[in-house]
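Me: I've got a model open and I'd like to learn how to read it. Could you walk me through some features, general idea before the actual case?

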Amino acid sequence: MSALTPVLSAFWDQKDSFTIVGYKRNGGYQAVEKALSMEPDAIIQLVKDSGLRGRGGAGFPTGMKWGFIPQGDNKEHYLVVNADESEPGTCKDTPLLLANPHVLIEGVIIASYAIRANHAFIYIRGEVTHVIRRVQQAIEDAYKDGLLGKNIRGKGFDLELLLHVGAGAYICGEETALLDSLEGFRGQPRLRPPFPAIAGLYARPTVVNNVESIASVPSIIDKGAEWFASMGTEKSKGYTLYSLSGHVKNPGQFEAPLGITLRELIDMAGGIRAGHRLKFWTPGGSSTPMFTDAHLDTPLDYEGVAAAGSTLGTKALQIFDDTTCVVRAVLRWTEFYKHESCGKCTPCREGTWWLVQALKNLENGEGKPEDLDKLLDLCDNIMGRSFCAFADGAASPIISSLQYFRDEYLEHLSTGGCPFDPAASTLFEGVGVR
Amino acid sequence: MSIQEVNRTHSGVGSGDVEPVVEMVTLTIDGFEVTVPKGTLVIRAAERLGIQIPRFCDHPLLDPVGACRQCLVEIEVNGRKMPKPQASCTIPVEPGMVVNTQLTSAVADKAQQGVMELLLINHPLDCPVCDKGGECPLQNQAMSNGRGESRYEGKKRTFEKPINISSQVLLDRERCILCARCTRFSDQIAGDPFITLNERGALQQVGIYEKEPFESYFSGNTVQICPVGALTGASYRFRARPFDLISTPSACEHCASGCDMRSDVRRGKTLRRLAGDDAAVNEEWNCDKGRWAFKYAHHNRITAPMVRDESGELREASWPEALAIAAEGLSVNRSAALTGGRVTVEDAYGYAKFARIALRTNNIDFRARFNSDEEREFLATLPTNSVKYSDIDKADQVVLLAFEPEEESPIIFLRIFKQVRKRSLKVVAIAPFTSRGNAKLGAEVIKNVGSESAEIASLALTSKSVILVGERLAEIAGALSSARALAEKSGAKLAWIPRRAGERGALEAGAIGNLLPGGRPVKDPAARVDLQTAWSVDSIPSEPGLGTDQILEALHRGDIEALLVGGVDPFDISRDAIEGLKKAFVVSLEMRHSALTDIADVVLPVAAVVEKSGSFIDWQGSRRSFEAAVSDSLQRSDLRVLSMLAEEMRRPIHLPTVAVASKEIATLGKWDGNAAVFAPHAAIAPKVPSENQALLTSWRNLLDEGTLQSSEPNLAGTAKRSECVISADRAERLGVADGDLIRISNEIGSITLPVRIGDIDFRAIWIPRNSKGSRPLVELGSATHTLVTVVRA
């Protein structure tokens with residue numbers, strides 16, 4: 001039985017956890033002092049040794065990413081933090097920044113120092129006004145404390161940190177679209193190569209990291225790579241934030257070592273909604289193929305989830321119980337993808353337009369069983385055919401739901417409509433008048 | 001782009017320069033090995049094998065984007081298959097790469113069919129009424145790489161149709177497949193990013209910004225490269241189906257850039273013109289004037305010969321009668337010929353030969369514009385090692401002397417812009433202010449109006465530099481001499497760029513007073529003997545002829561009694577040229593009724609460019625021949641008319657057809673004897689304006705009141721508005737802001753225009769030379785370097 005390992009969330013219950021005073025009282029900003037006395041390359045090596053992998057979804061080794069930045073090239077380097085958390089179900093960076101913005105800032109200072117960047121940017125989602133205010137205040141406090149700006153802590157390192165507020169587009173979470181948006185253009189993904197490590201922001205070597213990845217760095221500096229690597233599994237080291245939402249008794253953030261199972265997490269969350277049982281769930285947000293109760297003991301690390309046919313993604317565990325119509329849930333997600341498709345490439349732009357109409361028909365019980373094969377064939381023409389990975393995310397829930405719940409789709413067709421009571425899946429079921 | 005085109009792009013340059021060795025890469029596509037230069041894209045390498053991968057967003061002259069996903073193929077590198085099909089338009093070849101296209105990979109084939117089906121779900125089935133139907137890449141590739149019937153049963157996205165994105169380009173948004181060719185062209189090739197993709201998802205669309213309208217001189221190319229019928233030309237929309245058109249390769253008759261063109265004709269009428277493919281010249285582009293200014297040939301035409309009767313009225317006459325009257329009138333002792341700068345090489349040769357044999361004079365000039373002896377001598381001794389477009393590609397810097405490429409030779413602008421974008425080519429311009437074109441080139445602009453010669457002399461160039469001398473440099477005394485000296489001193493290459501398409505050809509054909517055909521100096525007895533033998537005549541006049549201005553002065557004095565005039569607008573020469581012309585017997589060879597035909601004694605109708613064959617020589621000295629696009633025209637070429645007229649005068653020139661003239665020009669060849677010697681002319685001291693005075697400067701905007709642009713309101717709709725550019729301190733002195741009116745005047749007349757404040761030399765002002773409300777030559781008697789009074793209107 002795994003236990004929780006609160007690091008980033010350790011002090012969220014303190015009233016002033018988001019302030020610089022609160023952060024420092026709990027040992028904050030000590031890692032910066034230590035890091036600035038180290039060689040930048042030693043920090044990169046330490047992060048490599050820790051086995052930290054990108055927490056934004058792809059799981060790319062963070063230290064290796066930093067190592068790609070060419071050194072001694074006499075060019076500006078940039079660190080860009082991707083705080084454009086917009087995946088349906090994903091809700092870890094937003095509470096983290098709300099409760100503990102300084103851990104990110106400390107990580108930014110260390111990471112910038114390591115990759116020799118004197119400018120860093122946090123690209124944050126425009127909708128989360130309250131979080132923006134807290135991060136902005138935290139940045140101002142860090143400047144006042146001499147943690148940002150010129151000659152930080154007298155170590156001769158300069159860093160300017162800018163908070164950029166996005167205008168609300170899912171695509172801007174894709175790192176190259178984020179860079180375009182940050183430069184003032186419309187957010188659409190760029191052609192790679194060149195990769196951001198060679199020509200990123202303003203065509204300069206750039207590291208783009210997720211909030212949680214960067215926020216994990218101070219603890220590694222503080223407690224060492226071995227400490228970090230002692231948690232988790234063989235290839236998925238460390239602790240991470242699991243976000244449980246949906247039909248569990250106590251939804252929220254659960255910081256635990258990689259490799260924990262959903263069964264354990266559901267226990268920690270007080271179980272599935274009373275009187276119901278788990279039907280399906282996503283391991284890492286809506287774009288990761290869904291799982292069922294057959295996967296309750298799948299280790300939630302990069303390898304374990306991949307072996308079971310999905311991806312760990314952002315560890316956004318959306319839990320759906322037996323009251324939920326899978327067709328309806330998938331339709332809602334697909335509507336999101338259609339709305340958020342940037343329009344650059346054909347499969348995503350046209351495909352999501354078609355998918356929504358196809359799924360609406362199925363949810364309404366219209367069509368023939370062969371339409372399910374047509375739908376799968378359509379997904380096959382979208383999956384892996386698009387410019388960026390987002391269209392894969394749009395196809396995944398459809399393909400996986402048909403894999404596990406084909407009969408439920410067919411039931412829609414045979415009954416000529418949705419067999420579920422949509423109100424039954426809501427939290428206000430039985431409250432008031434339908 | 002065809003495969004031949006690809007080969008041309010990569011073939012070595014024929015000059016003696018040592019080209020860097022190109023690293024070659026060998027890969028396998030559909031089982032065939034192919035070796036291509038490193039950096040080649042997979043889609044292009046496949047073309048070399050004749051394997052056509054379907055595509056929409058891909059364009060060989062635009063940066064890869066990978067948006068449409070139509071060109072998906074399977075790729076294996078180092079024995080490892082890439083997990084997903086890849087867009088072959090974005091992947092450069094690698095050694096040992098194994099590519100399987102739709103021909104050998106079921107996955108690639110299905111991927112392509114899938115993308116095609118998706119592209120069509122929101123595309124309307126209006127092919128039967130779409131301009132593009134019949135020549136549409138979407139239509140064609142839907143047939144070759146798609147399924148016959150759609151499985152889509154849902155609702156199509158619709159938009160209001162069409163919307164004007166400019167007066168000349170219309171957008172049908174529901175037809176658009178969002179390949180971004182148009183937006184990328186406008187940004188990357190023309191430097192006019194006035195259209196962009198807006199909105200997102202299936203509602204993404206091409207859009208304009210109302211404060212920066214799509215007024216690009218190159219906008220027509222977006223219509224041509226649109227792979228569907230989303231962008232259409234307002235003037236062509238619904239006029240024809242492609243399969244009803246007869247296409248003929250042609251040459252552009254507007255400027256000296258030398259574009260390859262295609263004229264599409266239906267039932268004797270030109271309905272559209274497209275840019276042709278010539279990698280060495282215009283690549284695949286042209287300007288909007290070349291594309292859309294051709295309707296002059298449809299309106300106001302003279303269809304029958306006319307003679308002036310006793311009452312002074314022009315009346316229609318038979319060809320024999322008109323030729324007889326013209327022949328008699330021209331058979332005088334003192335005559336001259338003005339050919340204008342727009343005739344073909346063969347026609348110019350006809351005029352040159354006609355003047356020497358039928359008129360027995362060297363009084364001939366093609367310069368229907370400013371003309372000076374200095375220029376004539378400069379032209380007679382132009383360096384023979386012609387500068388080419390490829391020299392711009394290799395130059396260490398390009399110097400623009402009294403030359404605004406975007407306005408006066410737009411394809412040269414595109415070529416310089418390409419190099420500026422690609423390798424930050426240095427551009428230096430001597431001009432009164434930084435025009436928009438020069439701003440796009442990032443040019444360093446030397447603004448010293450009146451002292452241009454000194455500025456030219458102080459430029460530091462190398463033998464890798466290219467000097468582009470505009471026709472307007474002649475207007476500054478001594479400046480051409482300075483430019484020559486600069487080229488000689490530095491070893492830089494010098495090219496002269498006339499504005500009109502026919503000038504370089506007319507120069508080489510001998511339609512000027514100091515040169516006989518083939519660049520033979522009139523004064524050189526050996527040159528004359530050469531020509532006498534070739535033409536089988538007893539003598540050739542030995543005295544150099546008069547230039548245009550001198551001919552007009554002689555007309556005023558009554559020293560010249562008869563004049564043969566080709567396509568000349570007398571108001572291009574001077575304000576009062578028409579008065580001199582009225583005094584002589586004038587035979588006019590013209591297409592359209594004009595100020596000149598109004599006073600001519602005999603008017604003989606001639607063919608427009610699309611109605612005849614011929615050739616033009618561009619600024620590089622390269623010749624482009626063309627056949628008649630309107631094959632059944634009853635109109636005769638200038639050459640044919642001149643030949644008939646010479647017969648009538650019993651002084652035949654023996655040039656019955658263009659083919660005969662062309663052969664004779666080739667047989668004559670270029671003069672290989674002693675070249676004329678250029679004697680430099682001195683600069684004159686600049687005029688000094690007083691407080692409320694200014695030195696007037698001007699040039700012609702690409703789109704203006706030019707005769708060949710008439711009858712095309714959609715094109716005119718994107719012309720720049722007439723404005724007077726003044727300096728900030730002058731604006732302050734006059735108390736005016738952008739848009740306020742000022743009056744520019746001298747003892748002859750005045751012009752009132754709105755003001756635009758620019759970085760112009762504080763002593764100078766600038767106005768367009770031939771635009772609405774701004775014709776300084778007519779209104780002020782001079783177009784440049786003259787003192788004018790500037791006051792608030």
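Reply: Let's start with contacts: two residues are in contact if their C-beta atoms, placed from the backbone, lie within 7 Å. Not counting residues up to four places away in sequence, Met24(B) touches Thr35(B), Val36(B), Pro37(B) and Lys38(B). In sequence Met24(B) and Val36(B) are 12 residues apart, and C-alpha to C-alpha they are 5.4 Å apart in space. Before we go on, this is a predicted model: local features need pLDDT of at least 70, side-chain atom pairs count only at pLDDT 80 or more, and totals for chains, interfaces and linings use all residues. Residues are numbered from 1 along each chain as its sequence is written, while chains are lettered from A and ligands numbered from 1 in the order in which they are written.

Me: Which strand holds Met24(B)? And is Met24(B) buried or exposed?

Reply: Helices (H or I, at least four residues) and strands (E, at least two) are DSSP runs, numbered from the N terminus. Met24(B) sits in strand β1 of chain B, residues 24–29. For burial you count neighbours: a residue is buried if 20 or more other C-beta atoms lie within 10 Å of its own, exposed if 12 or fewer, and partly exposed in between, with C-beta atoms placed from the backbone. Met24(B) counts as exposed because it has 12 C-beta neighbours inside 10 Å.

Me: Why does Glu174(B) count as partly exposed?

Reply: Because Glu174(B) has 18 C-beta neighbours inside 10 Å. You'll find Glu174(B) in the loop between β8 (169–171) and α5 (181–189) of chain B. Leaving aside neighbours within four places in sequence, the contacts of Glu174(B) include Asn122(B), Pro124(B) and Arg157(B).

Me: Which peptide bond at Pro193(A) is cis?

Reply: The one from Arg192(A) to Pro193(A), with omega near -5°. Another cis peptide bond joins Pro193(A) and Pro194(A), where omega is about 5°. Pro193(A) lies in the loop between α8 (175–182) and α9 (196–199) of chain A.

Me: How do I read helix packing? At what angle do α16(A) and α18(A) pack?

Reply: Axes are lines fitted to C-alpha atoms, for helices over the stretch in contact, and angles run from 0 to 180 degrees between N-to-C directions. Under 35 degrees counts as roughly parallel, over 145 as roughly antiparallel, 65 to 115 as roughly perpendicular and the rest as oblique. α16(A) and α18(A), residues 390–415, pack at about 15° with axes 12 Å apart, so they are roughly parallel to each other. Over in chain B, the axes of α8 (319–330) and α23 (638–648) come within 9 Å and cross at roughly 65°. α8(B) and α23(B) are therefore roughly perpendicular to each other.

Me: Which residues of α8(B) and α23(B) meet?

Reply: Leu323(B), Ala324(B), Ala326(B) and Ala327(B) from α8(B) meet Met644(B), Leu645(B) and Glu648(B) from α23(B). To class them, Ala, Val, Leu, Ile, Met, Phe, Trp, Tyr, Cys and Pro count as nonpolar, Asp, Glu, Lys and Arg as charged, and the others, Gly among them, as polar. This contact of α8(B) with α23(B) has 6 nonpolar, no polar and 1 charged residues.

Me: Last one: how many residues does each chain give to the contact between A and B?

Reply: Chain A gives 22 residues and chain B gives 27 residues. On the side of chain A that touches chain B, the largest share, 8 residues, comes from α16(A). That side of chain A divides into 7 nonpolar, 9 polar and 6 charged residues.
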